[in-house]
Amino acid sequence: MQLVDRQEVADSAAIARMLRRMANEIVERNQGASSIALVGIRTGGLHLAERLVELVHSIENHRPPLGAVDITLYRDDVFVGLPRPQVGTTELPFRLAGVNIVLVDDVLFTGRTVRAALDALMDYGRPRQVQLATLVDRGMRELPIAADYIGVTVDTTANDSIRVFLKEQGEEDRVVLRTRRSDESN
Amino acid sequence: MSPTKAARVFPHRHLLGIADLDADDIGQILDLTDSLREINERAIKKVPTLRGRTVLNLFLENSTRTRVSFEIAGKRMSADTINISGSGSSASKGETMLDTARNLMAMNPDVIVIRHSASGAPALIAKHVDCAVINAGDGTHEHPTQALLDCATIRTHKGSIAGLEVAIVGDIDHSRVARSNILALAKMGANIRVCGPATLIPRSITEIGGALTRSCVRVCHKLEDALEGADVVMMLRIQNERLGKNASRFANTREYSRYFGLNARTLALAKDDAIIMHPGPINRGVEMMPDVADSGRSVILEQVANGVAVRMAVLYLLGRGNLTDLEAIHQ
């Protein structure tokens, strides 16, 4: 089995446009930026949340607070397959009560990551509302979860994989759709 | 957390001693400890990670700090923790250790945490049960989680352990804490001065980790030599209960305190930013004067706080179910 790049879903300019639109949607829906806070899911979501904070700041001249959640300890598959011993920290340096939280992830797939992130958030306080922003929605949900702000929707199958490369991780910004191709002998 | 650092599978089934670990294993536990510490400061001090796992705390020797620390660690990771103490258990009715272990296994725990007065008891039990075994102190052998929490505390204050000068002072002979710490600190690259009356230092202590400790462990019989230029001063308790009434190792506690007790005068020999550690409980006025124990350089209570985080990390790494679950997953 090997992964083959099938298609570049978005390049750096497209990602920048998507994020600008999403920032505008966030501000519009929340009637400004004074009641919101952005929380990124480590690690891809956190980089995007950082960028959205800057964009919201440039639109509204108000910088909403930024937080990070690490969902490793909240996964429903912690011990299924190989354990993931690498645990990052959750940092929510603001009170959650009464705040509209915009949860940010890079790819929305089964919804299980978001479920875990919601559990983590609730352990810190009671936000007024939690909205979900994702750069890529690739469908195939396994839980009743939907995004409020979507960069791009991509139709995928179980054999596909979506990779989001970001410049914060030393890559050129791009979203790539890959397909798992099984060898003939398999 | 750097994104390039590959997730590493912890390569051990049990935690029986620091002797079994290498620097990468210790580093992995310390990194995880740093990540988990924050949970203990939240309003809701609990994560659901070990939900449904059972942790048996089998404490066949007296302990409050370590038992409570393991219990809290288990509960904060959402495991079900059950405590069994020595008095009132079937051990006091004459059941052998192995029978106790087999009976406990029949209840299907995922982790057994054991403290025992016999060196090697956890290793023996680990051979006969199919869950993870954590040594919470066995005789004069090892107390690995204490060494790990000490390393975590040192790393928080000093940034890194490599190259530090660490003085370990007191009853080395009876101290499993000293043995685990010598091994852990040596593996992490520290230089260690072991200090105490000659009667309380085992002759082969520098050989405990083979060539590694032979090169980085030095024995001092004068407190001043051990403290000179030290970055970390680790004082150990005089274990009166292990010293025996008729076979005294030193004349009296007053004399011990005069020559090996840490006070403001002797502490001045250590570096200005040296930290003072003690695994507790302290004999105030014997191995450590109260003004030193309560000074701003004492990190003794931080050690206790780190103990919970370290034990959460160890439970996370080892509490992934019993062997049959693991085999089922790997198939």
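Helix 2 (65–76), helix 5, helix 6 (176–187), helix 9 (240–243) and helix 13 (300–318) of chain B each give two or more residues to the lining of the second largest pocket. Helices (H or I, at least four residues) and strands (E, at least two) are DSSP runs, numbered from the N terminus. The model is predicted, so local features need pLDDT of at least 70 and side-chain atom pairs pLDDT 80 or more, while totals for chains, interfaces and linings use all residues. Residues are numbered from 1 along each chain as its sequence is written, chains are lettered from A in the order in which they are written, and side-chain values use heavy atoms, without hydrogens and water.

**Exercise 1. Describe the second largest pocket.**

Step 1: its space comes to about 580 Å³.
Step 2: of its 30 lining residues, Arg115(B), Arg176(B), Arg237(B), Gly280(B) and Pro281(B) are the closest to the centre. A pocket here is an open set of points on a 1 Å grid where a 1.4 Å probe fits, with protein on both sides within 12 Å along at least five of seven lines; lining residues have an atom within 4 Å of a point.
Step 3: helix 13 of chain B contributes the most, with 5 residues.
Step 4: domain 1 (18–143 + 307–322) and domain 2 (144–304) of chain B each supply at least three lining residues; such bounds come from an automatic or database domain assignment.

**Exercise 2. Find how the two domains of chain B meet.**

Step 1: the C-alpha centres of domain 1 and domain 2 of chain B are 25 Å apart.
Step 2: 32 residues of domain 1 of chain B touch 27 residues of domain 2 of chain B, where contact means heavy atoms within 4.5 Å.

**Exercise 3. Is helix 5 of chain B largely enclosed or open?**

Step 1: 12 of its 15 residues are buried, so helix 5 of chain B is largely enclosed by the rest of the structure. Buried means under 20% relative accessible area, exposed over 50%, partly exposed in between (1.4 Å probe, protein chains only).
Step 2: the buried residues include Pro144(B), Asp150(B) and Arg155(B).
Step 3: just after helix 5 of chain B, Gly159(B) has a positive phi of about 85 degrees.

**Exercise 4. Locate the cis peptide bond from Gly280(B) to Pro281(B).**

Step 1: omega of this bond is near -10 degrees.
Step 2: Pro281(B) sits in the loop between strand 9 (275–277) and helix 12 (290–293) of chain B.

Key. Points joined across faces, edges and corners; volume = space filled by probe spheres on them.
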